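The following exercises concern a predicted model. Please study each task before reading its solution.

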Amino acid sequence: MTANRFASVWDAIEDTPEEAENMRVRSQLMAQLKSYIAKSGLNQGEAAKVLGITQPRVSDLMRGKINLFGIDALVNMAAKAGLHVELRLLEAA
């Protein structure tokens, strides 16, 4: 049995390179938002007000429920938090 090697966990579990890339971007945005909330010392209710979402949505974010968030929603939350999203396109390996 030969072991497959993947560039990321998303490449291993998603069906297409497009889906893997989408998940990679979403996971990075979610990680940065979670970090922002933690560093700011906000509780979930306060974070909800800053991000313009409900407290249960903040709970979903903090629990890493990636399937509940699209890229657009995550970018909007980042902007409401005063964060700047920067995009770089690189050649695929």
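**Exercise 1.** Which residues in α2 meet which residues in α4?

*Solution.* Step 1: on the α2 side, the residues are Met-30, Leu-33, Lys-34 and Ile-37. Step 2: their partners in α4 are Val-58, Asp-60, Leu-61 and Met-62. Step 3: sorted by class, this contact of α2 with α4 comprises six nonpolar, no polar and two charged residues.

**Exercise 2.** Determine how α2 and α4 are oriented to each other.

*Solution.* Step 1: the two helices, α2 and α4, pack at an angle of about 115°, and their axes are 9 Å apart. Step 2: angles of 65 to 115 degrees count as roughly perpendicular. Step 3: α2 and α4 are therefore roughly perpendicular to each other. Step 4: the crossing in which α2 passes α4 is left-handed.

**Exercise 3.** Identify the members of the largest nonpolar core that touch the most other members.

*Solution.* Step 1: this core has 17 residues. Step 2: those touching the most other members are Leu-33, Ile-37, Leu-51, Leu-61 and Leu-74. Step 3: at least two residues of the core come from each of α2, α3, α4 and α5. Step 4: α2 gives the most, namely six residues.

**Exercise 4.** Is Phe-69 buried or exposed?

*Solution.* Step 1: Phe-69 is located in the loop between α4 and α5. Step 2: a residue counts as buried under 20% relative accessible area. Step 3: Phe-69 has a relative accessible area of 1%, so Phe-69 is buried. Step 4: leaving aside residues up to four places away in sequence, Phe-69 touches several residues, including Met-30, Leu-61 and Leu-74.

How values were computed
Residues are numbered from 1 along each chain as its sequence is written. This is a predicted model: local features need pLDDT of at least 70, side-chain atom pairs count only at pLDDT 80 or more; totals for chains, interfaces and linings use all residues. Side-chain values use heavy atoms; hydrogens and water are left out. A nonpolar core is a set of buried Ala, Val, Leu, Ile, Met, Phe, Trp, Tyr and Cys residues joined through side-chain atoms within 4.5 Å. Buried means under 20% relative accessible area, exposed over 50%, partly exposed in between (1.4 Å probe, protein chains only). Helices (H or I, at least four residues) and strands (E, at least two) are DSSP runs, numbered from the N terminus. Axes are lines fitted to C-alpha atoms, for helices over the stretch in contact, and angles run from 0 to 180 degrees between N-to-C directions. Angles under 35 degrees count as roughly parallel, over 145 as roughly antiparallel, 65 to 115 as roughly perpendicular and the rest as oblique. A crossing is left-handed if the near helix is turned anticlockwise from the far one by less than a right angle, and right-handed if clockwise. Contact means heavy atoms within 4.5 Å. Ala, Val, Leu, Ile, Met, Phe, Trp, Tyr, Cys and Pro count as nonpolar, Asp, Glu, Lys and Arg as charged, and the others, Gly among them, as polar.
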